Structure formats: structure tokens, C-alpha cells
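Keep the sequence and the 3D view side by side.

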Amino acid sequence: QGILWQRLGQTHSTRQSPWVACCVQTVLAFVVVLGFALAGRDLFTWLTGIGAVGVILLQSMAGVAIIVFFRKTNLDRRVWNTLIAPITSLAGLLTLLFFAFKNLTTLVGAKGAI
């Protein structure tokens with residue numbers, strides 16, 4: 001699509017695997033692990049905490065997408081399925097997201113400010 005560096009999409013001539021993207025991801029993962037090791041931080045706790053926040057955020061975005069999709073298309077006119085249930089779940093997810101951000105230091109096991 002041209003959004004990122006075009007070579008990331010380059011595939012191996014024989015295996016058809018995205019070898020450039022794989023190499024870049026491997027280097028980035030090494031840098032992150034090395035950074036956490038040098039700083040003496042617990043990588044697992046940080047990544048699971050941030051990952052949990054990311055999942056809640058993505059689920060919230062999906063909830064918004066469901067509402068918008070059915071409002072635009074009228075493929076399903078059942079109010080419970082297309083409006084009430086998605087809004088209810090979105091409200092719960094946004095509440096979870098608020099508390100996850102409010103308590104992020106506890107979630108990632110940080111001592112003091114992040």
C-alpha cells in the first residue's frame with residue numbers, strides 16, 4: 001500500500017516469505033529485549049500489561065465498527081443485535097480501558113511513575 005518502507009513487503013524468491021520484514025522484526029525485538037535487560041526491567045510483566053491494554057483498545061474499536069457498520073448498511077435491523085448490545089459492551093470495555101490506564105503502573109509492575 002506504500003504506507004511503510006516498501007522493502008518490508010519484499011518476499012524471498014524461492015520461499016515467498018517476507019524475509020526483509022522478518023529481519024527488521026528480529027532486530028527490533030532484540031533491541032527491545034536488550035533495552036529491558038540493560039534497564040533491569042521485567043519484560044514479561046511490561047509486555048503482558050501493555051498487551052492487555054492493547055486488546056481492550058482493539059475490542060473497543062471493533063465495538064465502534066460494529067455500530068457504524070450496521071448503521072450505514074441496514075443489513076440487520078434488530079435493535080438489540082446492532083445497537084443496544086454493542087453499546088453496552090462498548091461501555092464496559094471503555095470502563096475497563098479507563099481503569100487499565102489509571103492503574104497502568106500497577107498493571108505493568110512499575111515502581112513509581114512510568
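Start at Ser 60, which sits in helix H2. Is Ser 60 buried or exposed? Its relative accessible area is 4%. The cut-off for buried is under 20%, so Ser 60 counts as buried. Now look across from Ser 60. Leaving out residues up to four places away in sequence, Ser 60 touches Leu 90, Leu 93 and Leu 94.

A word on confidence before going further. This is a predicted model. The mean pLDDT of the protein chain is 88. Of its residues, 96% reach 70 or more. Which elements mark the two ends of the range? Helix H3 has the highest mean pLDDT, at 95. Helix H4, residues 104-107, has the lowest, at 84. Where pLDDT is low, the predicted coordinates should not be read in detail.

Next, the core. Leu 93, one of the contacts of Ser 60, also belongs to the largest nonpolar core. That core has 10 residues. They are Phe 36, Trp 46, Val 53, Ile 56, Leu 93, Leu 97, Ala 100, Leu 104, Val 108 and Ala 110. Which elements give two or more residues to this core? They are helix H2, spanning 43-73, and helix H3, spanning 79-102. Follow Ala 110, another core member. Neighbours within four places in sequence aside, Ala 110 is in contact with Trp 46 and Thr 105. Trp 46 is itself listed in the core.

Move to Leu 43, also in helix H2. Its relative accessibility is 21%. Buried requires under 20%, so Leu 43 counts as partly exposed. What does Leu 43 contact beyond its neighbours within four places in sequence? The partners are Val 32, Val 33 and Phe 36. Phe 36 is a member of the core. Compare that with Ala 21, which lies 22 residues from Leu 43 along the chain. The C-alpha atoms of Leu 43 and Ala 21 are separated by 23 Å.

Now take the loop between H2 and H3, where Asn 74 is found. Most residues other than glycine have a negative phi. Asn 74 is not a glycine, yet it has a positive phi of about 55°. With a relative accessible area of 41%, Asn 74 is partly exposed. How many salt bridges does the structure hold? The count is one. In it, the side chains of Arg 78 and Asp 76 meet, at 2.7 Å from N to O. Asp 76 has 16% relative accessibility, so it counts as buried.

Finish in the segment before H1. Gln 16 has its place there. Gln 16 has a positive phi too, of about 60°, although it is not a glycine. At 52% relative accessibility, Gln 16 counts as exposed. Ile 3 lies in the segment before helix H1 as well, and that helix covers 19-39. Ile 3 is exposed, because its relative accessibility is 74% and the cut-off for exposed is over 50%.

Note on methods:
Residues numbered from 1 in each chain as written. Predicted model: local features only at pLDDT ≥ 70, side-chain atom pairs only at ≥ 80, totals over all residues. Heavy atoms only, no water. Core = buried A, V, L, I, M, F, W, Y, C linked by side-chain atoms within 4.5 Å. Buried < 20%, exposed > 50% of the residue type's maximum accessible area, 1.4 Å probe, protein only. Helix = DSSP H or I, 4+ residues; strand = E, 2+ residues; numbered from the N terminus. Contact = heavy atoms within 4.5 Å. pLDDT = per-residue confidence, 0-100. Salt bridge = Lys/Arg side-chain N within 4 Å of Asp/Glu carboxyl O.
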